[in-house]
Amino acid sequence: MGNSLIPLHYAIVKHFMDGRQDCASGVVSALKADYGNYKMLTLKDVEEALATAKENGVLEECGYDLDSNGGLVVYYRMTDFGKDMVGRYIP
């Protein structure tokens with residue numbers, strides 16, 4: 001990588017450490033400044049990363065909305081288990 005950034009999937013999960021609730025498009029926007037040139041910083045890939053974190057108990061769904069096209073938007077937040085795991089293993 002040649003830089004001091006943590007891996008993108010870690011940054012996606014760490015985005016929620018301060019207790020915020022967010023959706024995939026919010027995560028993409030928040031990480032764009034540092035990770036904008038990463039091919040995996042797409043809405044589809046971030047949605048998949050969030051769903052995986054949910055299945056692993058790190059995140060939980062906390063709300064739903066519809067976007068301007070009528071598509072489902074899922075909001076996530078960090079679980080207590082996720083806070084513990086991120087605090088232990090992600091710098």
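Is Cys23 buried or exposed, and what is its relative accessible area? Cys23 is buried, with a relative accessible area of 5%; buried means under 20%, exposed over 50% and partly exposed in between, using a 1.4 Å probe and protein chains only. This is a predicted model, in which local features need pLDDT of at least 70, side-chain atom pairs count only at pLDDT 80 or more, and totals for chains, interfaces and linings use all residues. Residues are numbered from 1 along each chain as its sequence is written, and side-chain values use heavy atoms, with hydrogens and water left out.

**View 1. Cys23 and Cys62 are in no disulfide.** A disulfide is a covalent bond between the sulfur atoms of two cysteines; here it is counted when the two sulfur atoms are within 2.5 Å. The structure holds zero disulfides. From Cys23, the nearest cysteine sulfur is that of Cys62, 9.9 Å away. Cys62 is partly exposed, at 22% relative accessibility.

**View 2. Tyr35 and Tyr38 form an edge-to-face aromatic pair.** A search of the whole structure finds one aromatic pair. In this pair of Tyr35 and Tyr38, the centres are 5.0 Å apart and the planes are at 70°. Rings of Phe, Tyr and Trp (its six-membered ring) pair if their centres lie within 6.5 Å; planes under 30 degrees apart count as stacked, over 60 as edge-to-face and the rest as tilted. Tyr35 is buried at 3% relative accessibility, whereas Tyr38 is partly exposed at 22%.

**View 3. Strands β1 and β2 form a hairpin.** Strand β1 (residues 59–66) and strand β2 (residues 72–78) run antiparallel and are joined by seven bridges. Strands are DSSP runs (E, at least two residues), numbered from the N terminus, and two strands pair if DSSP finds at least two bridges between them. Asp65 stands opposite Val73 in β2. Five residues lie between the strands, and Gly70 in the turn has a positive phi of about 85°.

Definitions and conventions:
Helix = DSSP H or I, 4+ residues; strand = E, 2+ residues; numbered from the N terminus.
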